[in-house]
Amino acid sequence: MSTEHNQPKDIIMPQLAESLVSATIAKWLKQPGESVDMYEPICEVITDKVNAEIPSTEEGVMGELLAGEGQEIAVGEIICRILTAGSGGEAAPAAKDAPAAQAPQPTVPPAPAPAAASPRPAAPARAGAAPQGAAAGEAGAMRARYSPAVQALAAQHGLDPAVIPGSGMGGRVTRKDVLRYLEHGGASAAAQSSAPQPAVFAAQPPSSPQNEVRHSGLHLSENPPLPKIEIEEGGRGSNETYIDITPIRNTIATRMRQSVAEIPHGWMMIEVDMTNLVKLRNKYKDEFKNKEGVNLTYPAFVIKAVVNAIKDYPIMNSVWAVDKIIVKRDINISLAVGTEDSVLTPVIKKADQKNIAGLAMEIDDLARRTRERTLKLDDMQGGTFTVNNTGSFGSILSQPIINYPQAAQLTFESIVKRPVVINDMVGVRSMANFCLSLDHRILDGLICGRFLQRVKENLEGYTLDTKLY
Amino acid sequence: MPMMEYIDAIRLAMKEEMEQDSSVFVLGEDVGVKGGVFTTTKGLQDQFGEDRVIDTPLAESAIAGVAIGAAMVGMKPIAEMQYSDFMLPATNQIISEAAKIRYRSNNDWDCPIVVRAPIGGGIFGGLYHSQCPESIFFGTPGLKIVAPYSAYDAKGLLKAAIRDPDPVLFFENKKCYKLIKEDVPEDDYVVPIGKANLLREGDDITVISYSLPLHFAMQAAEELDKEGITSHILDLRTIQPLDREAIVEAVRRTGKVLIVHEDNKTGGVGAEVAAIIAEECLYELDAPIRRLCGPDAPAMPINPPQEKFFMLSKDKLLDAMRELALY
């Protein structure tokens, strides 16, 4: 009857970035039966270390969900169907068909439309979450599919199955519908006789588990994919707990393994006298906080020093490409930011064009958005060299795994006061170690030693006169 | 008629047959002094002596081989495999010897053995005490395979198996042992091998199964009755040879078929039943043939949540049956 209003449109997994071949569905924001506006987010996906939302490319009512949460879907594969509305009502089509398919209460079957549909428009559509989901979602889709049994019976009795009210899934005419139709000798009786059938349907929705209702689409931080920890209780000597691998954990594991397996890591360390820098920061930090609203942190100074050193030794900013080494012109610094359950590396683009104040503000922004899980895919891409502030968790020495496919990663360890010999005198200075992991295919000790010396010179060269802007 | 458990019915069948026919004897691990690990053969050695209730070494291949040899010279052995999981060392004896003797000797020799083996999980038995090995033997010409669900059928089918002139695998469900309790006649009756049994009549869906899952199907059917869905339930009872007529007739009744078994789905008995339906009933089908089976995982895990996941249950049957009814 109303089949012409529902044209299911396939929604495919879009190509979110060039390198992406697949993405994992994190959460469905729209359940079958809910109305969907153009560009409204329909689901969250997890890709290359970041969450993103898929906007709808159609307007209509969510139909079948073809991909489950947690499922990895290749780009271009269908993830769901959206029933686009014709000229009629928006949310109505899905709802309208379910009662219509039952051809119920009114004694005249051809005109069930407004009267029958209006009393319960929303209910069947919402119930479409559970086993019956396909039925409500694809309402009417099965109306014209006749099973062998139905065709055989119809042929035997010279019937046109199209005139028989269908009570099956998606408005399908079942074998029992034909038998009932025959038993009551045709169209007029069919309506009454199918009355018991709705009882079966009506029994359905309450028993189906209701999916949680979402009020609006944009709550990225509402459902952080925290690991589910299942603790096996029970006294059978189970003393282990199991933590589900989240997609992000899985990506980290894959990347780390790839890096360690492919890159022959070399390692160096240098110690830097940070005393002047500490003074410099102390001089400006309150003023900066008042003026800019963000903290003036050490990493801003460190990154500035590193970027300037990379400018002198551009080979540090490169990638191994088997038959050649690609040196990147832009210096994009990946900043390792830890969260409770993962580590992400958002990127400060063109760090060489930013001053210390600009770096401080960008670091603050990226770190905050990492913790809030609102990073965009774009924030994660294009890094050429990684700086990791391992001192922030108290480390004085670490051996980073290179952020594949970069050439090197530098860590900035804790600043500690130590007795240091200067000009044969002992003084108390603020010292910090800097550790460098390097891709030994590209870099050797000599060049890295010079690079580290330059970083050291830059850091020790900060004075109270250094400009932030 | 006395009420008895499924396991008592099996014991009674052996007792009655041993009383009537002196060529019937029992052999297996711990069947004598201990009376079987499940107490299936309890009291038999006291009544019939060590020569007719024989404790064997821990060697299933030998249990089957000795039984085959005895059968070929006129005895009627009942060989017990303690768990069907342990039966695999005896598969060569069963498939390559017992199943082929009549054919190979052009009817000159026969092999009237019964191999009893408890199948199924849900008893916290883990990987090696829960298996359903039907599909390993299923499809071997020369073997008959029965898998009763009720105590009545267990007694009648075991008696029929003992009297059968050919090798019969008797797959008793260990979860049914104490779960199923019903009236079982004390008189001498047999349930014919190769005949399915209609447990319940209905018009909306047909469920075809054997062994324990029928128990869940019957419970689910009762609940579905209240929703206005009636179920037609067929117990195959014998899974080889399959009762094709009964299958076809049961399918014709509703045109919607759900096949259920605990053995895993791929290559299981359900696959063959589905093929028969596809061959015979295409024009009677009102919905795709459906199967609800154990997952295609190597074995039943021992931890309770996964065991529950693996096992069929009333709720799983209920969902599958309702979904098919609404199709």
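Analyst: Here is a walk through the rings, then the charges over rings, then the backbone.

Bear in mind that this is a predicted model. For some background on chain A, it has 13 helices and 19 strands. Of its 469 residues, 47% are buried. If you take contacts in chain A between residues at least 6 apart in sequence, 64% of them join residues at least 24 apart. The chain exposes about 23000 Å², and carbon and sulfur atoms supply 54% of that.

Now the rings. Counting over all chains, the structure holds 11 aromatic pairs. Take A:Phe301 and A:Tyr462 as one of them: their ring centres are 5.5 Å apart and the planes stand at 80°, so this pair is edge-to-face, the cut-off being over 60 degrees. The pair links distant parts of the chain, with A:Phe301 in helix α11 (residues 298–312) and A:Tyr462 in the segment after α13 (445–460), 161 residues apart. Both A:Phe301 and A:Tyr462 are buried.

Then there's A:Phe412 with A:Phe434. Here the centres are 5.2 Å apart and the planes sit at 10°, so the pair counts as stacked, for which the planes must be under 30 degrees apart. This pair also links distant parts of the chain: A:Phe412 belongs to strand β18 and A:Phe434 to strand β19 (residues 425–439), 22 residues apart. As for cover, A:Phe412 has a relative accessible area of 4%, so it is buried. A:Phe434 comes out at 0%, so it counts as buried as well.

Over in chain B, have a look at B:Tyr6, B:Phe38, B:Tyr83, B:Phe86 and B:Tyr177, which form one aromatic cluster.

In chain A, the charged end of A:Arg281 sits over the ring of A:Tyr298, 4.5 Å from the ring centre. In chain B, B:Lys316 puts its charged end over the ring of B:Phe309, at 5.7 Å from the centre.

On to the backbone. Most residues other than glycine have a negative phi, and most peptide bonds are trans.

Start with the cis bonds. In chain A, the peptide bond from A:Tyr404 to A:Pro405 is cis, with omega near 0°. You'll find A:Pro405 in the loop between β17 (385–388) and β18 (408–422); β18 is also the strand that carries A:Phe412. In chain B, B:Gln240 and B:Pro241 are joined by a cis peptide bond, with omega about -5°. B:Pro241 lies in the loop between β12 (238–240) and α10 (244–254).

Next, the positive phi values. A:Tyr39 is not a glycine, yet its phi is near 65°. A:Tyr39 is in the loop between β3 (35–36) and β4 (41–47) of chain A. Its relative accessible area is 61%, so A:Tyr39 is exposed, given that the cut-off is over 50%. B:Arg237 has a positive phi too, near 60°, and lies in the loop between β11 (231–235) and β12 of chain B. With a relative accessible area of 9%, B:Arg237 is buried, since the cut-off is under 20%. On your screen, then, look for an exposed A:Tyr39 and a buried B:Arg237.

Methods:
Residues are numbered from 1 along each chain as its sequence is written. Chains are lettered from A and ligands numbered from 1 in the order in which they are written. This is a predicted model: local features need pLDDT of at least 70, side-chain atom pairs count only at pLDDT 80 or more; totals for chains, interfaces and linings use all residues. Side-chain values use heavy atoms; hydrogens and water are left out. Helices (H or I, at least four residues) and strands (E, at least two) are DSSP runs, numbered from the N terminus. Buried means under 20% relative accessible area, exposed over 50%, partly exposed in between (1.4 Å probe, protein chains only). Rings of Phe, Tyr and Trp (its six-membered ring) pair if their centres lie within 6.5 Å; planes under 30 degrees apart count as stacked, over 60 as edge-to-face and the rest as tilted. A charge sits over a ring if NZ of Lys or CZ of Arg is within 6 Å of the ring centre and within 35 degrees of the ring normal. Contact means heavy atoms within 4.5 Å. Accessible areas come from the Shrake-Rupley method with a 1.4 Å probe; for residues, only the protein chains shown count as cover.
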